[in-house]
Amino acid sequence: MKLKKLMAALLLFACIGGQSFAQGAYVPSEENLRSRAEFADMKFGIFLHWGLYSMFAQGEWYLQNSGTHHAEYAKSADAFYPHRFDAKQWVEAFKDAGAKYVCFTSRHHEGFSMWKTDASTYNIVEATPFGRDVIAELADACHSADMRLHLYYSHLDWTREDYPAGRTGLKTGKDPKKADWKHYYDFMNQQLTELLTRYGKIGAIWFDGYWDHDSDSIPFDWQLRPQYDLIHRLQPACLIGNNHHEAIKDGEDIQIFERDLPGENTAGFVDKAAEVSRLPLETCQTMNGMWGYKVKDLNYKSVEDIVHLLINTSGKGANLLLNIGPQPNGELPAIALERLKGVGKWLREYGETIYGTTAGDVLPQSWGAMTRKGTVQYVHLTDNATAGTTLTLPLKGKVKTATVFTTGEKVPFKQTKEGTLTLTIPHHTPTIDYVLVLK
Ligand code: GLC
């Protein structure tokens, strides 16, 4: 009996003790909340997928898709010499395009680190003749241009033997017997610590690859929360996003949607679209069809398409993270630069209707979208609405004036007591986006 009591007491002690050590739900710091608010106002960022894969020019999945042995692929590092890389020029082009932040692939699924990491010699400084720390140069260029730097970091690794293969399997010739999660987890945390202690302020860590062991596959513990806590300890304002396509997990600060507007599931990565949270939202999209440089893919979205994408994303209250895959010589593709110029020109004129806005009363429709700033709402007509036709909007508040954004010309309208507004579209020359202002 005595023994039983002792056992029960021990068990109780273990439970209570365990609980007191267990983490409570994540509570963001003040700095973090400020950083989230700043991020939500930015609305437009540039995503960059750059790694050894740019040399094969078939996109960032080349290692996996071609089933090349990882050790053969790794030999390409010895030929990586992007002599035209100029971080300042990149950042200037992004600034000129109206982007407020850059998200750069520090290490993609191929496993190659684009900075001088002490955790592996498979990095741009030690394994290539180029020998320059690309992240250091990009961080300097960003910091001096007041451009926020986010870092993409892959949880999944197709080269390291210690990473326990998941859904994407062992096509790159790894030996499953060498998998060692603890070793790999420590490696990732060492790398994340470097990224957050050596390159100044990092706006966000953007995780990807979780889906290699997602919730539907054999149970796998990514140990996200302690990793997230490490990041927040090192830089409390650093936001954490994870491209897992699932509902937000404890410790995350932003919600990411890949090739989808929030709440939509056109990309079909999951059976059901993840529920849209109250965190700042971000939609990432390619400018052509691939994330990493693909020599054959010249199918770039037009300036008009990109502007419409930005409007619809803003109309959902989200940011647009628009991707470019830099070339193996370190330059951005000329078409991408040309598109950036066009977007920048548009944003210089219409930025007021995008930056710092939230979703308007009506979510994006076939005619366009609405954004809001305080008591002002912008109606973005992107479908070349015909003059004289009417547009009916179920609004929440009373409208005092309706004008054309560029000219200030009055727009005729009627509003019911319940708030339904009917606008009569004025004569105008066709444009990418005809904006009306409701106050
Ligand atoms: C996917 C792809 C990856 C790309 C990312 C960007 O997760 O695996 O290559 O980096 O999407 O959203």
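**Entry 1. Cavities**

A cavity is a set of grid points where a 1.4 Å probe fits but cannot get out. I began with this term and applied it to the model, which is predicted. I also kept in mind that rolling a probe the size of a water molecule over the atoms shows where empty space is left.

I looked up how many cavities of 30 Å³ or more the structure holds, and I found three. The second largest cavity has a volume of about 50 Å³. I noted that its lining includes M287, N288, M290, W291, G292 and Y293. K294, Y300, N323, I324, G325 and A336 also belong to the lining of this second largest cavity. Sorted by class, its lining residues are seven nonpolar, four polar and one charged.

I then turned to the largest cavity, which contains about 100 Å³ of space. Among the residues that line it are H245, E246, I256, F257, E258 and D260. I recorded E264, N265, F269, V270, A273 and A274 in the lining of the largest cavity as well. Its lining comprises six nonpolar, two polar and four charged residues.

I next examined the open spaces. The volume of the largest pocket is about 610 Å³. It is lined by 31 residues, and those closest to its centre are W211, N243, H245, E258 and F269. By class, I listed twelve nonpolar, eight polar and eleven charged residues for the lining of the largest pocket.

The second largest pocket holds about 340 Å³ of space. I found 17 residues in its lining, with M42, K100, D146, M147 and R148 nearest its centre. Helix 2 (30-42), helix 7 (134-144) and strand 3 (148-154) are the elements that each give two or more residues to this lining. Which element gives the most to the lining of the second largest pocket? I found that helix 2 does, with three residues. The class count for the second largest pocket is seven nonpolar, four polar and six charged residues.

**Entry 2. The ligand**

I looked up which residues surround the ligand. There are 14 of them, and the closest are H49, E60, W61, H108 and E258. For H49, I read a distance of 2.5 Å between an N or O atom of its side chain and an oxygen atom of the ligand. The side chain of E60 likewise has an N or O atom 2.5 Å from a ligand oxygen atom. In E258, a polar side-chain atom lies 2.7 Å from an oxygen atom of the ligand.

**Entry 3. Strand 12**

In a regular strand the side chains alternate between the two faces of the sheet. I checked strand 12 (residues 390-394) with this in mind. L391 and L393 form its covered face, whereas T390, T392 and P394 form the uncovered one. I found that strand 12 runs antiparallel to strand 15 (residues 420-424) and is joined to it by five bridges. L391 stands opposite L423 of strand 15.

**Entry 4. S366**

Finally, I located S366 in the loop between strand 9 (358-359) and strand 10 (368-373). Is S366 buried or exposed? Its relative accessible area is 70%. The cut-off for exposed is over 50%, so I recorded S366 as exposed. L381 is 15 residues from S366 along the chain, and I read 9.2 Å between their C-alpha atoms.

Technical notes:
Residues numbered from 1 in each chain as written. Predicted model: local features only at pLDDT ≥ 70, side-chain atom pairs only at ≥ 80, totals over all residues. Heavy atoms only, no water. 1 Å grid on protein atoms, 1.4 Å probe; cavity = no way out; pocket = protein on both sides within 12 Å on 5 of 7 lines; lining within 4 Å. Points joined across faces, edges and corners; volume = space filled by probe spheres on them. Nonpolar A, V, L, I, M, F, W, Y, C, P; charged D, E, K, R; others polar. Buried < 20%, exposed > 50% of the residue type's maximum accessible area, 1.4 Å probe, protein only. Helix = DSSP H or I, 4+ residues; strand = E, 2+ residues; numbered from the N terminus. Pairing = 2+ DSSP bridges. Near = heavy atom within 4 Å. Polar contact = N/O pair within 3.5 Å; in protein donor to acceptor, adjacent residues only side chain to side chain.
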